[in-house]
Amino acid sequence: MRVYELARKLKIPTKKLLDIISKSDISNKVSLSNLSSKEIEKIKNLLREEKPSLKKKLLPRDPVVTFLGHVDHGKTSLLDAIRNTQVAKEEFGGITQRIGASEINFQGKRIVFIDTPGHEAFTAMRAQGAQVTDIVVLVIAADDGVMPQTKEAINHARAAKVPIVVAINKIDKKEANPERVKQQLTKYDLTPEEWGGETICVPVSALTKEGINELLEMILLEAEMLELSANPKGDFKGVVIEGEVDRRKGPFSTILVKEGTLHIGDVLVGGEIWGKVRALINWQGEKSKEAGPSTPVRVLGLSKVATPGQIFIKVKNEKEARRLAEKVAEEKKEGSLSKRERLTLESIFGPEKKEKSLSIVLKTDTQGSLKAVSDTLKSLEEKDVKVNILHQGIGEVNKSDVLLASTASSIIISFNVEVSNEINLLAKEEGVEIRKYRTIYEIIDDIKLAVKGLLEPVYKEELVGKAQVRETFKIPKVGIVAGCYVMEGKVLRGSRAKVIRDKEVVGEGRIVSLKRFNQDVNEVSTGLECGINVQGPGEVQKGDIIEVYHRQRVE
Ligand code: GDP
């Protein structure tokens, strides 16, 4: 029996079970292999000895799931298949207006699905720091494999630190090759469980409904490991997942409740928008009086349509709400907006960037120039560096161009078209670089340089210091931290390091943390002690020498 199967049988979270196992003398590799009956008995005994944990105020909450993936790989079809199989016909059939989310009941548990937002909206939500999703289901068509937007989705999920469950879809197709998909996934650090990795991959077909139940089971399993919780009695906090204007009813927004419970009559404020909740509509289009954690509801009564990702909180009264909203509006006017790091040509092509593709969103003034510029850009490709025109069009650079560029870490090239102040601001906020050109020659010069920058650079290494490992400490979630003495030169945070044992290099990595007496520092000089965490080289041992290098690029 596998660990997660046992966890389900014992009705405890898999994470907890793994914790117990890792603290015992049972091998901690069991997650990948089969547990023998003897081991199971041992685990059960250990569990009995565990003291019942203290009751928390936080209560378990249901998982919120988003489907991401390449266009046409079947996100919508899968969501529909899940709804159709899991939601009773009369329930589902009665829905006249969708609210951007739905709920199902599976094996007695509720799962909330957010309608595929598209990566744009996902990014917009993330940019505002709103975590809507607990789990991303990455949909990959078995006949097509990993495609550009699949990679994008992986990056987005990673950046948001959301676990990924892979659904390999369209397995009913003759050309389907799920094994190839798994092979491709290993390249993105998503090694399937059955291959010794940690990624759950479920082969499914939205068409025949094969594998849908397994997919839902795996979602519940993943959710269980996350131990999601919220306090329904706490202060209300919710995130907007969709907003629209209804001709008759005015603006409304769908809010997903993160904390607390939302009631009719509550006064909410989010950014510049505020209002008293006039009505709440659940995902089935019915009026409800309240909505608890992990519940999506359409909220009527707010002053304007809110954008996805906007966080709303409850305040005492309308006066307070108006005051807060006005303050935000003022701050916005003053323009203290840019927080995110700019995504510039330089940072995309900096020496550490592994991606060998230059992504571009291209906007030009005429059809003729569009063709000319895109052909020119393509001709600048080199063997190892692809020029990837994500999107091209005629006309001014608009909001959607910026969001797309932000999602895909790409730059925008505007050729003989205007860029409004508003768009410049948004680009700044999103950290996207807009490059403006008037002639093709300027483009050629610039992009040639950029492509060169993307080619494998050559580095020269320069030794800057040496430290001796005197002690090692295992720190949960961080790994091994080496207590060191700096013998010569200095140790720099962020530098590359080699681990030397018996005069041989046993590993290489990067110094991800450098501390002196629990304080993070950037450098430590000769004769001083420090704590070093090198990521990458495997185990560092007492007596090892850590050599610190500075890498310099050779043109
Ligand atoms: P999305 O863009 O990811 O939302 O993809 P859709 O759900 O719109 O599906 C794209 C196309 O693939 C549609 O024509 C679907 O009918 C088809 N499709 C989706 N899932 C399956 C499947 O499991 N098997 C087959 N044969 N076709 C599928």
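Ser 357 has Lys 386 in strand E19 as its bridge partner. Strands here, like helices, are DSSP runs (E, at least two residues, for strands; H or I, at least four, for helices), numbered from the N terminus. The model is predicted, with local features needing pLDDT of at least 70 and side-chain atom pairs counting only at pLDDT 80 or more, while totals for chains, interfaces and linings use all residues. Residues are numbered from 1 along each chain as its sequence is written, and side-chain values use heavy atoms, leaving out hydrogens and water.

Strand E18 (residues 357-364) pairs with E19 in the parallel sense over eight bridges; two strands pair if DSSP finds at least two bridges between them. Strands of a sheet pair through backbone hydrogen bonds, either parallel or antiparallel.

Now look at the whole sheet. Its four strands form an open sheet in the order E19-E18-E20-E21, with parallel pairing. At the edges are strand E19 (386-394) and strand E21 (434-437), each pairing on one side only. On average, neighbouring strands are turned by 25 degrees against each other, direction ignored.

Next come the helices. Helix H12 (residues 367-379) lies across E18, E19 and strand E20 (411-415), and runs at about 175 degrees to E19. Helix H13 (residues 399-407) packs on the sheet, touching E18, E19 and E20, and its direction makes about 175 degrees with that of E18. Contact means heavy atoms within 4.5 Å; axes are lines fitted to C-alpha atoms, for helices over the stretch in contact, and angles run from 0 to 180 degrees between N-to-C directions.
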